[in-house]
Amino acid sequence: MSDAAPRPPANLAGLRARRCDPLILAVRMDGRPLHGLTAWVDWRLGGPLSRLVRGGVIPQEGPLLLPERRLLAAGRLVLWRAGAATASDLARAVRHLGGATVGLCPEDFGLTAAEARRALGADAVLFTPETA
């Protein structure tokens with residue numbers, strides 16, 4: 001996907017339009033509700049990501065890998081604390097997973113699309129955040 005191509009929205013319709021594996025999701029640990037693409041995925045799956053966050057299961061520094069869920073139009077899920085990883089960190093983790101097409105919403109991690117594209121490559125699916 002080139003930088004000129006439109007980015008799919010960071011919601012369930014966007015996931016159906018551009019399947020990815022793995023899907024990297026940002027989680028906040030500040031007590032506020034999940035946001036962005038992570039919130040949509042959590043809603044679709046019935047709240048398991050929120051329960052993992054509340055249960056303190058998300059690692060401080062690294063990712064948490066979850067298996068593919070049949071209710072979701074994506075492969076494996078990688079949960080990572082927002083602010084705990086650079087674009088290069090995300091790319092390094094994805095290389096070790098051997099995924100076909102990584103997907104994420106860079107803005108959920110505080111990254112720009114350009115940073116994510118440089119680190120993850122031209123084939124990465126970069127979702128665009130929804131505007132209120």
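Tutor: Two strands pair if DSSP finds at least two bridges between them. Strands (E, at least two residues) are DSSP runs, numbered from the N terminus. The model is predicted: local features need pLDDT of at least 70, side-chain atom pairs count only at pLDDT 80 or more, and totals for chains, interfaces and linings use all residues. Residues are numbered from 1 along each chain as its sequence is written, and side-chain values use heavy atoms, with hydrogens and water left out.

Student: Which residue of S3 is the bridge partner of Leu25?

Tutor: Strand S1 (residues 23-27) runs parallel to S3, with 5 bridges between them. Strand S2 (residues 64-66) pairs with S3 in the antiparallel sense, over 3 bridges. Leu64 has Leu79 as its bridge partner in S3. For Leu25, the bridge partner in S3 is likewise Leu79.

Student: How many of the residues of S3 are buried?

Tutor: Buried means under 20% relative accessible area (exposed is over 50%, partly exposed in between; 1.4 Å probe, protein chains only). Leu77, Leu79 and Arg81 point one way from S3, Val78 and Trp80 point the other way, and all are buried. For S3 (residues 77-81), the count is therefore 5 of 5.

Student: How many disulfides does the count come to?

Tutor: A disulfide is a pair of cysteine sulfur atoms within 2.5 Å. By this rule the count comes to 0 disulfides.

Student: How far from Cys20 is the nearest cysteine sulfur?

Tutor: Cys20 is in no disulfide, and the nearest cysteine sulfur belongs to Cys105. Cys20 counts as buried because its relative accessibility is 1%. The distance to the sulfur of Cys105 is 11 Å.

How values were computed:
Helices (H or I, at least four residues) and strands (E, at least two) are DSSP runs, numbered from the N terminus.
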